[in-house]
Amino acid sequence: MKLLQAASFFVAAETSKEYEFLFGLNPQLIHDAVLLGVAVFILFLVMSYLLFNPARDMLKKRQDKIKSDIDGAKKDREDAEALKAEYSEKLNNIKKEAEAILSDARKSAKKTEAEIIAEAKEEAHRIRTRALKEIELEKKHVLDDMKKEMISIASIMAGKVVSANMNTQIQETLIEETLKEIGDNTWQK
């Protein structure tokens, strides 16, 4: 209210007499400018409290979130690099294990090969021994057959000798001739 009275006073004084104004400004304009400045300052304080502080808080929270996201990304990257190193080490170990397994397989294959060759040689030796025994038996059978044949020839000759009534001298010559034809080796074996 006082402002209104002061304003009306200045208006009445202005109409009654002309004042000299500082830089050409009248008191009403100065009064309005001061009131406007005070109102803007109060409005700034109110807005600061109502809008700027929450906006600052929101920006602060966002900065903190971005910082935590960056820190999390760094941590994830470090974890990923550690995991990569671990997997690389495991891969190298797997390669070494694979080489060891292949080496063992080669050794086992050579051992198996040696065993198979030894078994084959042993089997060949057995077959050869069996074949030699069979040959020996076959020789004995042939010799037995030859002896039987000689006996039959001797009996035929004896029949001829008996039928011809030959003397002993002729018989001996016939036996010697027969023995020469057959050979001395046959009787020695």
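## Asp79 and Lys75

Asp79 is partly exposed, at a relative accessible area of 41%. Partly exposed falls between buried (under 20% relative accessible area) and exposed (over 50%), using a 1.4 Å probe and protein chains only. The Asp79 side chain meets that of Lys75 in a salt bridge, 3.7 Å from N to O. A salt bridge here is a side-chain nitrogen of Lys or Arg within 4 Å of a carboxyl oxygen of Asp or Glu. Both residues lie in helix α2, 4 residues apart, about one turn of the helix. Helices are DSSP runs (H or I, at least four residues), numbered from the N terminus.

## Basis of the values

This is a predicted model: local features need pLDDT of at least 70, side-chain atom pairs count only at pLDDT 80 or more, and totals for chains, interfaces and linings use all residues. Residues are numbered from 1 along each chain as its sequence is written, and side-chain values use heavy atoms, leaving out hydrogens and water.

## Lys60 and Asp64

Helix α2 covers residues 27-164 and holds both Lys60 and Asp64. They sit 4 residues apart, about one turn of the helix. Their side chains form a salt bridge at 3.7 Å, N to O. Lys60 is partly exposed, at 46% relative accessible area. Asp64 is also partly exposed, at 39%.

Arg126 and Glu123 pair in a salt bridge at 2.5 Å, N to O. Both belong to helix α2, 3 residues apart, about one turn of the helix. Arg126 counts as partly exposed at 40%. Glu123 is partly exposed at 34%.

Glu122 joins Glu123 and Arg126 in a network of salt bridges. The structure holds 7 salt bridges.

Methods
Helix = DSSP H or I, 4+ residues; strand = E, 2+ residues; numbered from the N terminus.
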